[in-house]
Amino acid sequence: MPSTTDHRPALPQHDIQIARFAALAAAIHVLEAGIPSPLPGVKLGLANIVTLIVLWRHGWRAAVAVTLLRIVLSGIVLGTLFGPTFWLSFAGGCSALLALLVGDCWHRIAPRVGPGPLGLSVLASCTHIQAQFWLAWAWFVPHPGLFALLPILQGAAIVTGFATGVLATRILTRMRELEPALPLPPQ
Amino acid sequence: MRLGDGLLLAAALSLELFFIHRYWAGATTGDIAVIQSPAGSQEVRLDRDQTLTVMGALGPSILEVRDGAIGFVQSPCSRKICIRSGFHSHAGATTACVPNRISLSVAGMREDGFDAIHH
Amino acid sequence: MKKSLPIVVLFAALAAGLWLNRETPTPAPLHSYRLFALGTLIDIQIAGPMSDTRYSALEGELIPLLNAFETRWSVLRDGALAQLNRQLETAASATFADGLYTDLRLAQQICRNSGGRYDPAIGRWIALWGFEDEEKPREQPPTETEIVAARAPSWCEAELSDQIVTLGTVGVRLNFGGMAKGRAVDLLLTHIRNAGFPDALVNAGGDLQVSGQRGERAWRIGIRDPRAPGEQKAIAAISLHDGEALFSSGDYERFFTYDGQRYHHLIDPHTGQPARRAISATVLHTDAALADAAATALFVAGPEDAPRVAADLGIEMWMVIAPDGTPTTSPALEQRLEWLDTDAAG
């Protein structure tokens with residue numbers, strides 16, 4: 001705990017926030033990696049909630065920082081850094097992030113018509129799974145049998161994207177109630 | 001929920017429908033055959049009867065898919081071993097028209113399939 | 001106390017995630033090559049991760065290796081064996097190139113241990129029956145006079161030093177067709193293993209050898225009914241362990257039919273006629289070249305003599321199928337085979 005006699009300059013509040021969000025996201029990511037999955041690549045994507053919230057509340061720069069930190073951090077913790085699992089996660093995370101940025105632009109251009117956290121979440125999860133699938137197909141197992149998995153993967157992405165989107169909206173609403181200064185998320 | 005959310009959800013769902021239509025229509029036990037020729041390799045599903053013509057080093061070989069099995073029915077090679085070897089359906093089965101440089105192998109997608117057929 | 005709660009939760013989540021992640025079995029990716037050599041299709045499967053550049057590089061190593069091997073042992077090309085045969089046309093004694101000795105010696109051991117049932121010195125008979133050159137098949141059997149004229153002294157009796165071979169007469173033609181495929185498979189597999197890929201299967205037209213395993217399980221092989229080549233039914237299955245080779249000799253591989261009779265390429269070294277005591281012989285052994293030659297020897301021996309010949313050759317796992325279709329299987333192989341319900345098999 002910082003004592004009152006310490007005169008060293010504190011870190012900018014902004015950096016601390018990003019570090020906290022990244023740590024939280026990494027922890028969720030690691031925990032989630034441990035949940036047995038019915039299919040490789042299918043997971044809830046709870047860590048993406050953090051990205052969504054940061055994007056919504058602090059803008060795209062913060063969201064990019066948190067997501068990249070999360071992927072590298074969890075890669076280090078899980079020991080998969082620069083291994084195949086890491087690159088799959090990296091490709092999924094980066095493309096989902098790109099899709100989110102596009103969606104965020106749309107939202108900013110047309111605030112009333114553009115998507116809210118729910119649509120963005122579905123967009124991110126679908127992009128995530130598609131990017132992982134095509135990388136896995138091109139790189140590891142170019143077996144045509146893999147295509148039979150596509151409908152399952154896409155279906156799972158819609159369901160999990162919707163679920164995390166609902167969760168993110170709820171969390172944002174609750175945060176808004178605690179901090180009335182920030183804009184209210186859409187209903 | 002806003003219009004943008006609805007649009008994105010609709011897009012995701014239509015992609016899902018497309019995948020189901022494209023990759024699940026006429027779901028199969030999953031066996032496919034890989035045909036390799038001087039021109040490259042191609043994959044053939046064994047759940048639909050069809051006739052294929054593949055160009056080899058000597059000329060065209062004709063292959064047929066019938067009742068989940070695939071085999072050579074016509075080939076320009078002299079000894080016709082590939083045709084005599086009959087129709088193949090077991091994962092791991094391989095045959096070839098050696099002079100015409102066309103090979104055929106059945107790839108199973110079931111875990112209990114064979115990696116090779118000994119004969 | 002209240003402030004440290006999130007940190008505790010965070011670490012608990014990390015610990016839980018790490019614990020749940022302690023083992024992650026991943027399916028082994030499979031890479032395959034299909035090469036045409038030795039008059040057949042050679043199918044190579046390698047389990048385990050491999051980059052695209054490594055894949056192409058390995059292919060670039062295997063093709064010349066196989067090509068050099070084929071040239072060395074071919075009776076038609078101008079390699080070491082063809083040069084040896086050319087000398088033997090006019091002399092009873094000849095010198096041979098480095099690299100042949102080990103296999104010439106092994107062939108002699110197999111010849112002796114099998115009572116001459118595998119004999120590479122019957123090259124003239126193989127040529128006479130039209131099984132030497134695929135492009136020049138025969139349509140009817142040779143006459144008894146022709147067969148007697150092409151008889152040669154056995155390879156069992158040859159005098160072999162590390163550079164010179166001496167046979168009883170002039171005009172012996174050597175043919176290692178009964179062993180070359182086994183040696184080639186062994187050569188490819190050894191090269192792949194030394195290149196850093198311990199899990200592989202090399203399948204040369206149905207005769208095969210494995211190393212390691214495929215991902216989490218052993219390499220699994222289906223065995224086809226020798227009398228229903230057009231039906232492709234697997235009658236049995238077997239899982240092969242590291243280094244094991246499975247080789248067969250059958251009368252269905254290369255043959256011609258004349259006057260309702262099948263004349264195949266497995267010539268009995270004692271009679272000069274296609275052997276008639278079996279329709280197929282299979283050997284499982286860790287030496288692919290031995291398995292290949294031993295399968296030929298057991299085919300010639302037939303089911304009655306097979307147990308003794310196999311024992312003399314040091315072969316424990318074998319199966320010989322009699323002309324009426326009855327299989328005789330050694331107890332050691334019977335334990336390993338899983339017979340499949342042929343009625344239900346598709």
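This is a predicted model: local features need pLDDT of at least 70, side-chain atom pairs count only at pLDDT 80 or more; totals for chains, interfaces and linings use all residues.
Chain A is helical in its secondary structure, with six helices and zero strands. Read along the sequence, these elements follow the order α-α-α-α-α-α. The chain comprises 187 residues, of which 47% count as buried. Among the contacts in chain A with a separation of 6 or more, 69% are accounted for by residues 24 or more positions apart.

The largest cavity has a volume of about 260 Å³. Its lining consists of 26 residues, and those closest to the centre of the cavity are Lys43(A), Gly45(A), Asn48(A), Ser125(A) and His128(A). Several helices of chain A take part in this lining: α1 (13-34), α2 (47-58), α3 (60-78), α4 (84-109), α5 (117-139) and α6 (150-178) each supply at least two residues. In terms of residue class, the lining of the largest cavity has ten nonpolar, 13 polar and three charged residues.

The second largest cavity has a volume of about 60 Å³. Its lining draws on chains B and C: His118(B) and His119(B) are found there together with Ile223(C), Arg224(C), Pro226(C), Ile235(C), Ser248(C), Tyr252(C), Ser280(C), Thr282(C), Met319(C) and Ile321(C). Within chain C, strands β8 (219-224), β13 (280-285) and β14 (317-321) each supply at least two residues of this lining. By class, the lining of the second largest cavity divides into six nonpolar residues, five polar residues and one charged residue.

The largest nonpolar core has 73 residues. Those with the most contacts inside this core are Ile44(C), Ile46(C), Leu84(C), Trp155(C), Leu174(C), Phe176(C) and Leu298(C). Helix α8 of chain C, which spans residues 288-313, gives the most to the core, with 16 residues. The surroundings of Leu298(C) illustrate the packing in this part of the model. When neighbours within four places in sequence are left aside, Leu298(C) is in contact with Ala281(C), Val283(C), Ala306(C), Val309(C), Ala310(C), Trp318(C) and Val320(C).

Key:
Residues are numbered from 1 along each chain as its sequence is written. Chains are lettered from A and ligands numbered from 1 in the order in which they are written. Side-chain values use heavy atoms; hydrogens and water are left out. Helices (H or I, at least four residues) and strands (E, at least two) are DSSP runs, numbered from the N terminus. Buried means under 20% relative accessible area, exposed over 50%, partly exposed in between (1.4 Å probe, protein chains only). Contact means heavy atoms within 4.5 Å. On a 1 Å grid over the protein atoms alone, a cavity is a set of points where a 1.4 Å probe fits but cannot get out, and a pocket is an open set with protein on both sides within 12 Å along at least five of seven lines; lining residues have an atom within 4 Å of a point. Grid points are joined across faces, edges and corners, and a volume is the space filled by probe spheres set on the points. Ala, Val, Leu, Ile, Met, Phe, Trp, Tyr, Cys and Pro count as nonpolar, Asp, Glu, Lys and Arg as charged, and the others, Gly among them, as polar. A nonpolar core is a set of buried Ala, Val, Leu, Ile, Met, Phe, Trp, Tyr and Cys residues joined through side-chain atoms within 4.5 Å.
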